[in-house]
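Subject: Handing over a structure

Hello,

Please have a look first, and then read on.

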Amino acid sequence: MFKVNNPITLVYFQLMIAEFLFLLKAPRREHFYLRLLAALGASVVIGQIHYIVTWSGVSSMLLFLTAWLLAAGSALLCWKVDFKTTMFVASGSYAVQHMGYSVMLALEWLIQGVWGVRIFNQITAWGGFAIAMIAIYALVLRKNEEFYNSADTRQLLISTLLILVCIVLSSVRRTCQKDLPYIIVYDFIACLCCLLIQFSISAGERMSEEKRTLELIINQQHEQHELSKQAVEMMGVKLHDIRSQIRHIQEEMNAEDSHKLDGLKRTVQIYSSMANTGNATVDAILMEKGLMCEINGIRFSYIVDGAQLAFMEAVDIFSLLNNMLDNAIESELKVTQKDSRMMSLRVVRTGEMVLVNAENYCDYPVDYEHLTTTKQDKANHGIGMKGIQYVVDKYDGDMRISLEDSMFHVSIVFPVKA
Amino acid sequence: MKIGIVDDDRASREQILGFIAQYARENGENIETVVSDDGIHFVSDYRGDCDALFLDVEMPLMDGITTAKKIREVDTTVSIVFLTNYSQYAINGYEVNAIDYVMKPITYFVFCQKLKKALAFSGKNHSGEVVIRNEQHIVRLPFNKIWYIDCEKNYVAYHTEKNVYRERSTMHAAAAQFEKMSFIMCNSGCMVNAAYVKKVAGNDVYVGDDILQLSRGRKKEFMERYIDYLSRGCC
């Protein structure tokens with residue numbers, strides 16, 4: 001009959017538990033549990049090799065290698081993950097499993113050395129594994145739920161190599177007649193390195209990845225803006241022409257009729273008013289947002305000393321103001337009472353600081369958590385806030401978001417770079 | 001509370017007076033008003049006792065921006081809000097430290113919001129004085145002349161532009177008196193008047209030529225209150 005109590009199957013079972021935790025949030029394939037059961041069954045069958053082959057030094061290596069490859073194969077079978085992720089997770093699982101095992105062996109060696117009692121058995125082995133599992137979950141996995149998504153080839157190669165080292169060391173220990181305590185230590189260190197490489201690089205990679213994406217989005221928005229800026233400038237020129245044409249017509253008319261055109265002239269003037277803040281990027285944004293507000297019946301006032309933002313790159317000024325004003329406009333559109341739609345922008349220098357303050361009327365409760373959250377959220381508002389935060393961080397600024405007396409404020413101070 | 005209105009258009013003046021009266025009634029406030037139809041007269045009669053001014057930008061004799069410049073020569077703390085037909089006329093309001101403007105035609109709702117904002121920004125909110133007694137003299141020191149307050153041994157020192165006034169007291173007692181105003185704690189032994197903060201960089205607060213230490217634990221709250229002071233006029 002098949003025996004479950006063989007090293008291959010046992011190691012495999014533990015690896016699967018570790019993988020299960022590693023891939024807790026990963027998408028599963030259809031009939032997940034059926035697949036899992038099939039994999040477990042296969043491992044029991046394959047585990048029987050243990051009783052057929054006579055295990056010597058080299059073949060002992062094969063024992064662990066088999067368990068490891070089986071676990072990797074099972075991950076591929078049960079979860080919707082690619083090959084790279086699979087190897088990544090299999091190595092991580094092996095490292096965790098092995099660390100638990102090493103700790104138990106070390107304890108065993110100590111206790112046997114001092115009291116001469118043998119305590120090692122199945123129960124303590126599983127106990128060590130459980131402790132390692134709980135530790136890794138509490139310390140790393142809980143916070144990095146999707147870490148496996150960011151595996152890169154370098155990491156994968158190094159962690160796989162380290163696991164192979166472990167496997168060799170383990171088989172050396174098994175084939176030697178007496179236990180070699182320092183091998184356990186080497187083993188443990190190799191596993192620890194494997195995990196450290198996996199998690200430390202993955203955190204760094206993820207951050208720079210996120211930053212790259214953000215920069216890409218900002219640049220795309222900026223390009224779009226360049227287009228609309230040209231359109232707005234062209235419209236300004238056309239409106240200027242219309243204004244002088246109205247003036248010509250008025251000159252030829254009698255006074256009474258000419259007054260009838262005053263209203264039209266005024267409207268044209270409002271639309272053609274180019275803001276002149278001392279910064280071309282700021283002017284263009286104000287022009288565009290001014291029109292958007294006009295169309296949506298939002299009263300938008302701005303007192304802006306654009307020259308004070310000269311220390312920033314144009315793309316950052318754009319990203320900052322564009323996102324701040326877009327958020328404000330979006331928020332105003334939710335104000336049902338049309339007469340109450342109002343917002344203002346103030347950019348002023350105070351001492352050696354520049355204040356950028358956008359405020360808008362807000363008669364509904366705001367979800368602060370959602371606004372200030374640093375977690376990845378797919379909502380557009382989140383990206384807007386991220387764009388703002390990116391610029392704030394880049395120029396050592398400080399931001400404050402508040403809602404008081406129905407006014408929603410996003411305020412930022414930047415130290416002026418000399 | 002006192003509000004000044006300068007507008008050459010009579011209908012506009014009356015509308016604003018009506019708004020202020022309605023606002024005072026609704027909020028149970030007692031608001032005094034000073035009205036003028038041109039900047040020149042207003043400036044020459046101005047006594048520097050207003051909390052907020054509403055200045056029309058387009059006026060024939062002296063425009064609103066010039067009026068504001070003249071007023072700033074005698075009163076740096078009054079809140080200035082412009083009234084205008086075109087936003088591009090008021091956008092440079094930062095030159096006279098104006099806080100906002102209202103586009104005509106004005107509605108009551110919008111006016112109220114701007115009035116509230118103006119009153120919050122009024123430097124008159126922080127008026128008042130502290131009487132300092134020590135062995136040599138008794139000094140009455142207006143709050144808004146104090147740059148920062150710190151302590152050494154059993155003395156609290158009030159730093160102004162030119163002088164330092166010492167008094168036997170504790171930081172705790174000073175904090176209780178000043179905390180509600182524009183003063184913010186930088187560390188357990190020092191509070192700074194937000195109005196005089198030149199720069200905050202890292203854990204240093206620059207005031208005049210002095211650098212005050214911002215303690216790690218207080219940095220977050222300090223920045224929040226400092227930004228509130230700059231963006232809303234109160235902290």
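Predicted model: local features only at pLDDT ≥ 70, side-chain atom pairs only at ≥ 80, totals over all residues.

Residues are numbered from 1 along each chain as its sequence is written, and chains are lettered from A and ligands numbered from 1 in the order in which they are written.

Chain B overall

Chain B contains 7 helices and 15 strands; helices (H or I, at least four residues) and strands (E, at least two) are DSSP runs, numbered from the N terminus. Out of its 235 residues, 40% are buried. Here a residue is buried if 20 or more other C-beta atoms lie within 10 Å of its own, exposed if 12 or fewer, and partly exposed in between, with C-beta atoms placed from the backbone. Taking contacts in chain B between residues at least 6 apart in sequence, 51% join residues at least 24 apart; a contact has the two C-beta atoms, placed from the backbone, within 7 Å.

Helix H1 of chain B

Helix H1(B) covers residues 10-27, and its 18 residues should span 26 Å at 1.5 Å a residue, which agrees with the 26 Å between its end C-alpha atoms. (The expected span is 1.5 Å times one less than the number of residues.) Which residues of H1(B) are buried? They are B:Arg13, B:Ile16, B:Phe19 and B:Ile20. These cover an arc of only 125 degrees around the axis, so they lie on the same side of H1(B); the arc is that of the directions from the helix axis to the C-beta atoms. The other side has exposed residues, including B:Arg10, B:Gly18 and B:Glu26. The buried residues of H1(B) pack against strands E1 (2-6), E2 (32-36) and E3 (52-56) and helix H5 (108-121) of chain B. After H1(B) comes B:Gly28, with a positive phi near 60 degrees.

Strands of chain B

In strand E12(B), residues 190-193, B:Cys190 and B:Val192 point one way and B:Met191 and B:Asn193 the other, and all are buried. Strand E11(B), residues 183-187, runs antiparallel to E12(B) and is joined to it by 4 bridges; two strands pair if DSSP finds at least two bridges between them. E11(B) and E12(B) form a hairpin with 2 residues between them, and B:Phe183 stands opposite B:Asn193. Strand E8(B), residues 148-152, also pairs with E12(B), in the antiparallel sense over 3 bridges, and B:Ile149 stands opposite B:Met191.

There is also an open sheet of 3 strands in chain B, with the order E13-E14-E15 and antiparallel pairing. Strands E13 (197-201) and E15 (210-213) each have a single partner strand, so one side of each is left without a neighbour in the sheet.

Where the chains meet

In all, 30 residues of chain A are in contact with 27 residues of chain B. The largest share of the side of chain A that touches chain B, 5 residues, comes from E1(A). By class, that side has 11 nonpolar, 12 polar and 7 charged residues; Ala, Val, Leu, Ile, Met, Phe, Trp, Tyr, Cys and Pro count as nonpolar, Asp, Glu, Lys and Arg as charged, and the others, Gly among them, as polar.

Best wishes

Methods:
Expected span 1.5 Å × (residues − 1).
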